[in-house]
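Please brief me on this two-chain model. I want the folds, the sheets and the contacts between parts, in short points.

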Amino acid sequence: MSALEATLRSVRDRGAKSFVPYVTGGYPGVDGELLRSLAASGADAIEVGIPHSDPIMDGGVIQEASRVALQRGTRLGGVLAAIADAAIEIPVAVMTYANIVHHRGYEAFCDDLARSGIDGAIIPDLPVDEAERFVALGAARGIDVVLLAAPGTTAQRYRAIASASHGFVYCVATYGVTGARDQLSVTARDVVTAVRPYTDLPLLVGVGIATPEQARAASAFADGVIVGSALMAPLVAGDPKAAMQLAEAFRSQIV
Amino acid sequence: MSVATRPDEHGRFGAYGGRYAPEVLIPALDELTDAWLELRDDPGFRGELTDLLRDFVGRPTPITHATRLSGELGYDLWLKREDLAHTGAHKINNALGQVLLAKRLGKRRIIAETGAGQHGVATATACALLGLPCVVYMGEEDTHRQAPNVVRMELLGAEVVPVTAGMKTLKEAVNEALRDWAASVGTTHYVIGSVVGPHPFPTLVRDLQRVIGDEARTQYRDRVGTDPEYVVACVGGGSNAIGMFTAFVGVPQVRLFGVEAGGVGSELGRHCSSLTLGQPGILHGALSYLLQDADGQVVETHSISAGLDYPGVGPEHAYLKDESLATYVSATDGDALDGFQLLARTEGIIPALEPAHVIGWLRHRPLPDGARVLVNLSGRGDKDLDTVRAALAGDRP
């Protein structure tokens, strides 16, 4: 079992909930120190975005963070090296888009992650139907390829996603792209409930979780919460201190 | 792999195509795939669409023997006149078919992206005709380059949303339309404007555009008594070309040429020649040829014609290229301007800048003397007058 899955399972086994913050790699201030601070704040794992020119699953905040990161010359190798250099104790998964992986080569990409001590990969435009080879290549190297389950699909498809995913299942809380919402979508619980019968993997909810209160509500039925845009918003606004305070507030409510 | 069996059940044209889309869109893509398989040969649906194409669009569009241009170039040249279709381009064939399909699916809202504005106008037109609300995403840069089309869309009742990300052109407009669709997929249909996107879009759009080639082949044989030796179309996303090529792919003695936008140079960022200068990659849900950097980031592109200003291309073209079933070449901004003026002066037809690339390419006499050539004249040039006037005044883009 990979480090990512083992960690998230052990959190669940002790009756707690996982907090997984997301940050965009290469954005100013997203450095080893920030990753270590997030780990110290009680994050159970960290998701680091490798910026892409066409982030179709991302809303305004992460689009802007990706644009800025790319404009200052952020490269795949640089993001991976920064994660390796941070030498944090908790697992790290990268999030990026299919063309970044395809262009590097699925096998070479998995080798890169393994060499950098990275434990998982989340590719939102690589649905289960297209992911088989990547999942297998990752598994052979101890890399969990995490698949996403979204609202509105069939039981058969939830089963296929749950069976093929590694590490955890990323339950997309709502229709639409990343970014804050006024309230936790009712579909979040539906997705978790629909996936649960088909897997013993931890089920984490992400997309649109804007406040610690919403995260708390999601923790009631999920095994953990992923928080991205809400944490990136203060970073993009130039206030890393506020981002860390918010991370601590999320941590305290994800129980 | 014949046209009838292309793509496979996974939406693959050989290695290309597929469905690299967010999970949240998959149920809608499945629904669309099933609906299209059922309706594309359904007599009721086909009858309704055929009637609209005849009575509203003005199909069949004619073919015109370009006698003076033939004399100038040393070819025997015929033009398929998609510029005479209602709204001024081939885009209406696809838009009308998809909006009709959306109504059958019970969708209550239509979204679209547009580059040159022709697809946006076509979709807004179809929505006005069939009574559905329409939102069109358009790069802010394109709203300036093609301002008259913004006015047209608004007159037709559509809401035009300028997209300010990135280069503010077609690629970003598609991104934004996909984001809207991810949020609204239960009630909304996304009328994609070319043979791009996740399965089934490349197939759906091809099937709706193949009327161009099916008509043209019959018309050409009626008039000339045989098939053309060369069939040529411009390629951005590639829908007018696929629409024309589909009737001719694999026909012995017919060679297919796609002309991409060569922009102002062969360096990355100065052209839109995905097939001639790109490498395989994934954009907007499909694997095809793509203009990208060493890390797989999609690069900025340039063309004088907004309708070709796109870094990707439909996956079926990638397949046709790799299988040597079609040949892809490129023509520069300057070629397009030359072609634009030449067709106007010799034939009394002001073409859109997109198919003007084809005329500009032919000006270099790349085909044997006396060749029988059929060109898809995919649209008319009214929308480009400001661009051409500025370029001819020396202010070349």
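Chain A holds twelve helices and eight strands, where helices (H or I, at least four residues) and strands (E, at least two) are DSSP runs numbered from the N terminus. Chain B has 16 helices and 14 strands. This is a predicted model, in which local features need pLDDT of at least 70, side-chain atom pairs count only at pLDDT 80 or more, and totals for chains, interfaces and linings use all residues. Residues are numbered from 1 along each chain as its sequence is written, with chains lettered from A and ligands numbered from 1 in the order in which they are written.

**Chain A: overall form**

- The C-alpha trace of chain A spans about 45 × 40 × 30 Å along its principal axes.
- Of its 255 residues, 57% count as buried. A residue is buried if 20 or more other C-beta atoms lie within 10 Å of its own, exposed if 12 or fewer, and partly exposed in between, with C-beta atoms placed from the backbone.
- Among contacts in chain A between residues at least 6 apart in sequence, 73% join residues at least 24 apart. Two residues are in contact if their C-beta atoms, placed from the backbone, lie within 7 Å.

**Chain A: the barrel**

- Eight strands form a closed barrel in the order β1-β2-β3-β4-β5-β6-β7-β8 (chain A), with parallel pairing. Two strands pair if DSSP finds at least two bridges between them.
- Neighbouring strands of this sheet are turned by 25° against each other on average, direction ignored. Axes are lines fitted to C-alpha atoms, for helices over the stretch in contact, and angles run from 0 to 180 degrees between N-to-C directions.
- Strands β1 (residues 18-24) and β2 (residues 46-49) of chain A run parallel and are joined by three bridges. Here A:T24 stands opposite A:G49 in β2(A).
- Helix α8 (residues 155-164) of chain A packs on the sheet and touches β5 (144-149) and β6 (169-172) of chain A. The direction of this helix makes about 165° with that of β5(A).
- Four bridges pair β6(A) with β7(A) in the parallel sense. A:V172 stands opposite A:G206 in β7(A).
- From strand β7 (residues 203-206) of chain A, A:L203 and A:V205 point one way. A:L204 and A:G206 point the other way, and all are buried.

**Chain B: overall form**

- Chain B spans about 55 × 45 × 40 Å along the principal axes of its C-alpha trace.
- Of the 397 residues of chain B, 61% count as buried.
- Residues 24 or more positions apart account for 74% of the contacts in chain B with a separation of 6 or more.

**Chain B: two domains**

- Chain B is assigned domain 1 (13-53 + 91-206) and domain 2 (58-88 + 210-392). The bounds come from an automatic or database domain assignment.
- The centres of the two domains of chain B, taken over C-alpha atoms, are 22 Å apart.
- In chain B, 40 residues of domain 1 are in contact with 38 residues of domain 2.
- Elements giving two or more residues to the domain 1 side of this contact include α4 (91-104), α5 (118-130) and α8 (170-184) of chain B.
- The residues of that side divide into 20 nonpolar, 14 polar and six charged. Ala, Val, Leu, Ile, Met, Phe, Trp, Tyr, Cys and Pro count as nonpolar, Asp, Glu, Lys and Arg as charged, and the others, Gly among them, as polar.

**Chain B: a four-stranded sheet**

- An open sheet of four strands has the order β7-β6-β5-β8 (chain B), with parallel pairing.
- β7 (159-163) and β8 (188-191) of chain B stand at the edges with a single partner strand each, so one side of each is left without a neighbour in the sheet.
- The twist averages 25° from one strand to the next.
- Strand β5 (residues 109-114) of chain B is joined to β8(B) by four bridges, and the two run parallel. B:I110 stands opposite B:H189 in β8(B).
- α8(B) lies across β5, β6 (134-139), β7 and β8 of chain B, running at about 160° to β5(B).

**Between the chains**

- 27 residues of chain B are in contact with 31 residues of chain A.
- α1 (26-39), α8 and β11 (279-283) of chain B each supply at least two residues of the chain B side.
- α8(B) gives the largest share of that side, six residues.
- By class, the chain B side has 14 nonpolar, eight polar and five charged residues.
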